[in-house]
Amino acid sequence: MSQGIVTVVGSYVTDLMSRTPHMPRVGETVLGGPFKMGPGGKGGNQAVAAARQGSTVYMVTKVGDDEFGSYARANFTKETINTEYVFVDLVEATGAALIAVDDNGDNLIVVALGACGTLTAEEVNQASQVIANSAVVLVQLETSNEAVLATVALAKAYGVPVILNPAPYHEFPREILQDITYITPNETEASSLTGLKVETEADALQAAKVIYLMGVPNVIITMGKMGCYYYNGGESGKLYPSFEVQALDTTGAGDAFNGGLAFALASGQALCDAIIHATAVAALSVTKVGTSPAMPTLEEVQAFMATHKL
Ligand SMILES: Nc1ncnc2c1ncn2[C@@H]1O[C@H](COP(=O)(O)OP(=O)(O)O)[C@@H](O)[C@H]1O
Ligand SMILES: [Mg+2]
């Protein structure tokens, strides 16, 4: 099957993680550790997920003129992700996520988007040829709204389908919902989009109907361990259950799902098969610690799918 280009327009941040025996109170210094550093950001994680599945991936983002920026570029290159449109900001630092995980597994995260939060429409427009040649464009809400708008406008102009992962949720120009083909909120994001609670399959149907009426033809609400709910009009949709695995760290499950979905669609899979592929990529990602580093390869996914049936 031909591997179409996947262009990801989104965030890159360096994850700086430390374990802590307990969460520090205001003003408190806790002796924690071990410390771990890794590439992160929803855009970067989703790009790695798609690249490890075998897609030709172009990453459109921005880093600072600093060591974390060089680290980002080296990681993208290692993952065979094209960095031609990884811009460098001379003022803002490369984004970073400060992550503390306590002994209960609870986390506390501060994300400083830095350079990737200032990605401009003009910079996205420089990638217009690559977007035009893409099979799928994947975008989140972790950069600037102007970058998201420019991405959707270009993809629309060239007739390229867009997957919008509306995460982390914040208000964005809702008119772009008319111009995208797929949307992949998790329960919380679906709830923010619609004002409805999204906990059960019945809730997911109601929320999906509302999102569908906003203009998105394919609504996929991911629901953690429950799986995901797909709706494309009519009386009801379909729940795709998750694969049963020993979950070790569910951070980045949504990123794995989106990267896997983009790969599968870009390589010509029918949407129902693409959703199952994405579900398998996500399942394997939760069996490993970390975000980008936890993304499985295509071989791992194929071996898993051969032995695990939904
Ligand atoms: N514990 C789990 N076991 C197996 N698959 C999971 C698990 N948690 C999540 N997934 C898979 O990952 C997908 C995305 O997870 P979800 O939690 O909905 O996204 P997010 O990380 O954005 O909150 C789910 O639809 C499901 O297929
Ligand atoms: Mg979740």
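**Exercise 1. The open sheet**

How many bridges join strand 2 (residues 13-20) to strand 3, and do the two run parallel or antiparallel?

Solution. Before starting, note that this is a predicted model, in which local features need pLDDT of at least 70 and side-chain atom pairs count only at pLDDT 80 or more, while totals for chains, interfaces and linings use all residues. Residues are numbered from 1 along each chain as its sequence is written, chains are lettered from A and ligands numbered from 1 in the order in which they are written, and side-chain values use heavy atoms, with hydrogens and water left out.

Step 1: strands (E, at least two residues) and helices (H or I, at least four) are DSSP runs, numbered from the N terminus, and two strands pair if DSSP finds at least two bridges between them. Step 2: strand 2 and strand 3 are joined by 6 bridges and run antiparallel, with V13 standing opposite G40 in strand 3. Step 3: these strands belong to an open sheet of 4 strands, in the order 3-2-6-7, whose pairing is mixed. Step 4: strand 3 and strand 7 (107-112) stand at the edges with a single partner strand each, so one side of each has no neighbour in the sheet.

**Exercise 2. Strand 11**

Solution. Step 1: a residue is buried under 20% relative accessible area, exposed over 50%, and partly exposed in between (1.4 Å probe, protein chains only). Step 4: strand 10 (residues 182-183) runs parallel to strand 11 and is joined to it by 2 bridges, with I183 opposite V219. Step 5: strand 12 (residues 228-231) runs antiparallel to strand 11, with 4 bridges between them, and C228 is the bridge partner of T222. Step 6: the hairpin of strand 11 and strand 12 has 5 residues between the strands, and in this hairpin G224 takes a positive phi near 60°.

**Exercise 3. Backbone exceptions**

Solution. Step 2: the peptide bond from G33 to P34 is cis, with omega near 5°, and P34 is found in the loop between strand 2 and strand 3. Step 3: the bond from A167 to P168 is also cis, with omega near -10°, and P168 lies in the loop between strand 9 (162-165) and strand 10. Step 4: T80, a residue other than glycine, has a positive phi near 60°; T80 sits in the loop between helix 2 and strand 5 (86-89), and it counts as exposed because its relative accessibility is 57%.
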